[in-house]
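Reader: Could you walk me through this one? I would like to ask as we go.
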Amino acid sequence: MRLVLRGITKRFGSVVANDSISLSVEPGEIHCLLGENGAGKSTLMNVLYGLYKADEGEIELDGEVQHFTGPGDAMAAGIGMVHQHFMLIPVFSVAENVMLGNETTGFAGTLDLDASRARVTEISDRFGFHVDPDALVEDLPVGVQQRVEIIKALSRDAELLVFDEPTAVLTPQETDELMEIMRQLKEAGKAIVFITHKLREVRAVADRITVIRLGKVVGEAEPTASNAELASMMVGRPVELTVHKDAPTLGADALVVKDLRVTDLAGHRQVDGLSFTIRAGEVLCVAGVQGNGQTELTEALLGLQDDVSGSITLDGEELVGRSTRRILDAGVGFIPEDRQVDGLVPNFTIAENLMLNRSFKSPFVKNGSLRLGALREFAQKKLKEYDVRARDIDSLAANLSGGNQQKVVVARELSRELRLLVAAQPTRGVDVGSIEFIHKQIVATRDSGIPVLVVSTELDEVVALADRIMVLYRGRVVGIVPADTPRETLGLMMTGERPKDLKDVAS
Amino acid sequence: MSTVTTPTPESGGLAPDAAVTPAKGIGAKKLPIIFGVMTALLAVVLLRSSHAGDTTFQLAADTDFVTLPDIVVPSGPTAWVMVVLCLALTAEAVRRMLAHTRQPVWVPIAFAVAWMTGFLSWAAADERIRLVSLFAGAVALAIPLVFGALGGVLGERAGVVNIAIEGQLLFGAFAAAVTASLTGSPWAGLVAAMVAGALIALILGLFAITYFVDQVIVGVVLNVLVVGLTNFMFRQVLAPNSDTLNSPDRFSAMPIPILGDIPLIGPVLFRQTPLVYVLYVVVALVAYALYRTRWGLRVRAVGEHPKAADTVGIKVNRTRYRTILLAGAIAGMGGAYFSLVSVAGFNREMTGGAGYIALAAVIFGKWDPIRATLAALLFGFASNLQGVLSAIGSPVPSQFMLMLPYLVTIFAVAGLVGRSRPPAADGVPYRQQ
């Protein structure tokens, strides 16, 4: 199926998310939409899928202009979408999810589950997906859930498939498998739109590349284009893709974790006997697929977990058993993995958010009252220093872009005397420009002699920042390896396999 | 609650050697505690006022074709035997807790039966307990609770919290009384009750679905509104014209041939009013439709993940509207119980909080139609027990007995549910961009 978009414009209030975007996709072709977070890629696809209504422009399939009033119309026309946040119902089985909205029924609307099972098995076999139609979706690994999304689209005879940031949640191995699936679909004559901001993936599978910036098409590129060329098209200026850092100046052992065990409320052991050391002036990156104990590890460091045993010492002081406030007062800075939930109060102003970790005493509180003057002065300074793009310090955090929100969090955490920095997913959902900035801040922190623990599920980030890499799998350490370990080895370790000849490096 | 040592901020220095417990079920710990407390309570009651004499459990009704004999037991000794049995079951529950195995369903059931037998033989010393009327009454009293709970389950499965069950029952009762009086047919009254319940649901939907108002607040406001409205109408319109507007024909008992003659089960389940038989059908239909039909799949999808439902072409808000209208109609039928079965005619605030107990049954029943029905039956049993015991003049003060249904509700919802998970999008309005 041939798709042509002509002059699509979509506005949200005064914001123009898509500004007269035109592009075409041919059958048997993988067309990449490359752009930063917030460039308008997802908006465009939601317009195509009937979730949003375009203010201007036309959608044409095989020469016919379409008027979608909802996703149902788009699906009927042969468009299938694999959403960034899976549109699957966790408590339903695979077969139920695949049939939802497209059910075969018998007498009086009785569900024909067998038909759906057969359909799942048939598609699953054809593409080698290995999906059990009776498994509950919530029990499946993320990569398999994504295949369920693909099956869902294929079971409705989709001819055009849209993949919206499909690799954000996958391990490197799963990503490779997905690329293979996309090639298979292409061979089968499907037209594919692949939305991403990851350059490596674009160059691996794309037949054509369209780059979008700030809601506009800024040009097409060949898959042979270099990373630097693509990145500068995407951001609009040359960017440094590699983090420049000198060899670390290592000090004494600063953070020493011994046999740490964390059990969650449901009784599951999430961190199971972790031991590691970070020296002053060193970045230890924790790599691993999401949900292998990283969250519990960082929260245990901050005193946010209840059921913790083992020992965590910072410069010889025991932290386990201390309240979170006393841990913060001991000089631990924390960039939480979800800034919307744990990092910021969305309905507070930037200034208010900047004092959250010092809400008890000086410099912002005196005799139980806020010292608003000092706070304003501080906030003005940090706004400039950290290049937070906002109208003023009284803007609500909720109204900032992801990158600027994260800069507020980083500014708050780095603006006091630190003895340890814990950064969980410091650049998730952040634009390339801000990533560059935040990475520089983290390296600067290291260079000032502070131990840094970075948790990231992005292998690129891990490799860029780390002095050493610790790979976690199911709450245990698979290995602690040097920063120059090959990506393939790291990817393998993330699945829990430890290469035979692997040697751990001590600091 | 937990045996795990929580590190105290003061300990500062070394970490306590916390013994990390392996996988623990949440319900596993509550059960032995509840058992222990209940057993102790029964023993204390027995010690403080023991009764001599015999207790008679009558199993037979008048018209069975086989008459089961009465069971006569010595009151005190029987009660003590049951205490021992309860202790044994408590020990079993403790053993399972320590061994970290699951508590099977039969343990609480056996405990409940033993405890209740012990309690009854003490409370009804020198008296006769008619088990048939105890259970048949429980079924009858549970009618509005079951209808209300089904309405609640349906609404919440579609993602709309229905606090307005109480209002739907009350308005249903009002509409049923007036319509049945005017037409002379209780069936017409039942239909009117359904319309009345659906009407309240429509207002709920308008605010909760279309205007995104907080569903709990709208529900509570609707309940208060219906109380005010029906009180006003009762005083101004029904009371002066009670002959024409408030004297409906009641549903009378309609025994089902053969089924109704089975000993014990027959008189309990099949010598009831037609409304009870309607109830059986509705329970079966709702349970089947929710899990086995396209409609049910879509309702559940909309309540779990509305956006996902939207992306496969399901109209989320239309589905929610339809479902809560149906839910309101079902809850409204429960209202008919008050003015067409329990008594003939409407009275002020005659539902007396049944809607809230139905809401508790929804949660206790884990948002499942069958479990919610069972929960509602349990609450119905508690209400009827209260009535039966005060009738035979048990030693328990009547004020305490009146608390019983509500006490059971609180315990049930707070303690016994175990891990329950409401529909993920329950109470969350869906906004389309």
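Author: What follows is a short exchange on chain A as a whole and then on some details of chain B.

Author: This is a predicted model, in which local features need pLDDT of at least 70 and side-chain atom pairs count only at pLDDT 80 or more, while totals for chains, interfaces and linings use all residues. Residues are numbered from 1 along each chain as its sequence is written, and chains are lettered from A and ligands numbered from 1 in the order in which they are written.

Reader: What does the C-alpha trace of chain A span along its principal axes?
Author: The trace spans about 70 × 50 × 50 Å.

Reader: And how much of chain A is buried?
Author: Of its 507 residues, 47% are buried, where buried means that 20 or more other C-beta atoms, placed from the backbone, lie within 10 Å of a residue's own, exposed means 12 or fewer, and partly exposed is in between.

Reader: Switching to chain B, is Ala287(B) buried or partly exposed, and why?
Author: Ala287(B) counts as partly exposed because it has 19 C-beta neighbours inside 10 Å.

Reader: Which residues does Ala287(B) touch?
Author: Leaving out residues up to four places away in sequence, Ala287(B) touches Pro369(B) and Ile370(B), contact meaning C-beta atoms, placed from the backbone, within 7 Å.

Reader: How far is Ala287(B) from Arg371(B) in space?
Author: Their C-alpha atoms are 10.0 Å apart, although 84 residues separate Ala287(B) and Arg371(B) in sequence.

Technical notes: Two residues are in contact if their C-beta atoms, placed from the backbone, lie within 7 Å.
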